[in-house]
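Welcome, and thanks for taking a look. Please open the structure below and keep it beside you as you read.

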Amino acid sequence: MRRYPTRNAALFHTLRRLVASLCCVFLFVQGVRYGRYHFFRPDPSWERVQARAVLVVGMDTSYYPFAVMQGERISGLDVDIALEIARRLGVRLQVAPMGVDGLYDALHTGVVDALISALPLDPFRLDTFLYVGAYLDGGYFLVSPKGLYQRMSDLEGKRIAAEYGSLGDEQARLWLRRLRSLRVQHYAEPSAALAAVAEGEADAALVDYLSARLWLREHREADLRIAEQPIHSEGYHVVLRIQDLALASKVSEALEAMRADGSLAAIIARWLGEDRR
Amino acid sequence: MAESWPYRAGGAVRWLWQRRGIWLRGAILAVILLNLAPARARLQPEPPQRVQTAHPILCMHTRLVDEVEDWKIWHTLRMVREMGATAIVELFPWAYIQPREGVYDWHHPDRIIRLARQQGLTVIARLGVVPAWARPDPRLQPTSLNYLAPERYADYAAFVAAFAARYRGEVTHIIPWNEPNLYFEWGFRRVTPEEYVEFLKLVYQAAHAANPEVQILGAALAPTLEPEDGANGMSDLIYLRRIYEAGGGAYFDALAVHTYGFTSPPDDPPAPDRLNFRRAELLFDIMRAFGDADKPIYITESSWNDHPRWTHAVRPSQRIEYTLAALRYAESTWQTVRNLCFWFFRAPTLYRNYMDGYAFVTVGFRPRPIYEEVRRWALGEREVP
């Protein structure tokens, strides 16, 4: 039996071994838990889609221009993006039409593999869902002749047009407190606010991106430009279940490739007209 | 000979042990510093306020029952007062206040009512949500939170009486139940107006015995196109007529009404097969037909919604326009309407669906333009065209 010079030395030796053993057990348990969650957790999401050769995507089919149902036919910007993603993944696309309130439930319960339905990131749902690559920013942008006005500080002494009661109006009212002489002009619709800018009644409009693109598509003669950066950003994402990392990775790669080769911009331009920034 | 690592580790432990006084004090100090947090916001004493308004018809439906912090309740009520609204409608769940038979917890309603009175606001109390003890054993019969068997009506009446007695002089308007013409709201039991009259009779008598000043409002009916034997409920028009036919008119001092505009403007004419703002006039016609033309009416829920993804929503500009037009119309045309209350002022958290399009103020207390415009109207300021 090992001898110790003092009783304290024996006590510290035992204590050391006890602490070291506890640390080892703790590290082992944590390692197993972490590994099971991050490395050894089975993720058959991509294999499942491959085996079916079908990607099932949930969409709200009452939201123009993203997805609209006419008879048996569903068309729209989101449909085209989903078709292109499915083509790049080498599978067929199946659209599951549903109301906007049912989208997340359908994904959570596995009725669909993904959601592509102009869905902005919701921080509250990040524990349950993955938001992959914003394919479009549907937020609020300044629109002005030749893109003269890009941000709030450019608007000192100017007239800004906004849809009455909208988020743009809300933002413009906040700017009233920060700029010495800003005039906010209200209009019943974003299109009227944009028309006011085109006709010189206002210097800039603060409207949502979709309204701006759709209006500019119909009014090619108007020399208006959308600002480079949004005033209020609202990116639309592809949404997947949080455990479907493999599928999310494939979808993300497809989206990135679409962005890189210009096919994403082409699809958006097909539905919203050319990008005038 | 080089010392082994266990020996060196032991030395380190010994070194720490010898200085245990210092590091233990340091650790205690660190724990204290790390746990320092701002004190919970406390309300400063404030003198009683008075509502300044040019249009006392304005009222808001608040959602304070699930609000935890005092300052949020106070801030909500202060914003309601500053808006020019004279009254609030608030739900006080029976299940929260009487969690066990014979045991009352008035803590939460006390502070809501105290703070509302401090802001000079009238409280219209809606009482609902059945506690577990008043429902059947869930192992024998699963039921919803709205299920109240006829043999338990007396328990509910006793609760209403206790509420009326406690808040005598503070709360004079009580709405027993909500939308009893809906299958869901009636606890998934068969919807029968005659049964509601029996229920109302008990509540009315108990409440008036406890507090003679109290006004019992006939529960607002859900505007619905369901037929008389509908799967989801019964038409509000048929239901109210049958209440009167069963003699129910004697058991409410005023009537609560729900009327939503959906996508129609407020001047859209009423018709039995349409859901719009002026559908309320069809209810007034029934009251008139049964000799109740002068009975006061409180519109406890009304609104337009501007959620961008809801098919029954309108544009934000239309929402403001319709809301202001509805207020002007109700004030000038509906002589017996005491308050027009809008659903809803602010929610404690986001619903994450179309319901968010009803809010006047964001969860973070940022007033939406509709709040500003209704406030300007209520205070008699210039209106935005």
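Here is a short briefing, grouped by topic.

Please keep in mind that this is a predicted model.

**Nonpolar cores**

- The largest nonpolar core has 105 residues, and B:Phe163 and B:Phe360 touch the most other members of it.

- Strand E3 of chain B gives the most, with three residues.
- By residue class, the lining of the second largest pocket splits into 19 nonpolar, six polar and six charged residues.

**The cavity**

- Rolling a probe the size of a water molecule over the atoms shows where empty space is left.
- How many cavities of 30 Å³ or more does a search of the whole structure find? The search finds one.
- The volume of the largest cavity is about 30 Å³.
- Its lining consists of B:Tyr196, B:Leu200, B:Gly218, B:Ala219, B:Leu240, B:Ile243, B:Phe252 and B:Leu255.
- Two helices of chain B, H7 (193–210) and H8 (236–245), each supply at least two residues of the cavity lining.
- Seven of the lining residues of the largest cavity are nonpolar, one is polar and none is charged.

- B:Ser302 sits in the loop of chain B between strand E7 (297–301) and helix H10 (316–333).
- Is B:Ser302 buried or exposed? B:Ser302 has a relative accessible area of 0%, so it counts as buried, the cut-off being under 20%.
- The side chain of B:Ser302 comes to 2.7 Å from the backbone oxygen of B:Thr259.
- Leaving aside residues up to four places away in sequence, B:Ser302 touches B:Thr259, B:Tyr260, B:Phe277, B:Leu340, B:Cys341, B:Phe342 and B:Trp343.

**Cis peptide bonds**

- In chain A, the peptide bond from A:Tyr64 to A:Pro65 is cis, with omega near 0°. A:Pro65 belongs to the loop between strand E2 (62–63) and strand E3 (67–70) of chain A.
- In chain B, B:Trp343 and B:Phe344 are joined by a cis peptide bond, with omega about -10°. B:Phe344 is in the loop between strand E8 (337–343) and helix H11 (369–378) of chain B.

**Positive phi values**

- B:Val129 is a residue other than glycine with a positive phi, near 70°. B:Val129 is located in the loop between E3 and helix H6 (153–166) of chain B.
- B:Phe262, again a residue other than glycine, has a positive phi near 50°. The loop that holds B:Phe262 runs between strand E6 (254–258) and helix H9 (280–289) of chain B.
- B:Phe262 has a relative accessible area of 23%, which lies between the cut-offs of 20% and 50%, so B:Phe262 is partly exposed.

How values were computed. Residues numbered from 1 in each chain as written. Chains lettered and ligands numbered in written order. Predicted model: local features only at pLDDT ≥ 70, side-chain atom pairs only at ≥ 80, totals over all residues. Heavy atoms only, no water. Helix = DSSP H or I, 4+ residues; strand = E, 2+ residues; numbered from the N terminus. Buried < 20%, exposed > 50% of the residue type's maximum accessible area, 1.4 Å probe, protein only. Polar contact = N/O pair within 3.5 Å; in protein donor to acceptor, adjacent residues only side chain to side chain. Contact = heavy atoms within 4.5 Å. Core = buried A, V, L, I, M, F, W, Y, C linked by side-chain atoms within 4.5 Å. Nonpolar A, V, L, I, M, F, W, Y, C, P; charged D, E, K, R; others polar. 1 Å grid on protein atoms, 1.4 Å probe; cavity = no way out; pocket = protein on both sides within 12 Å on 5 of 7 lines; lining within 4 Å. Points joined across faces, edges and corners; volume = space filled by probe spheres on them.
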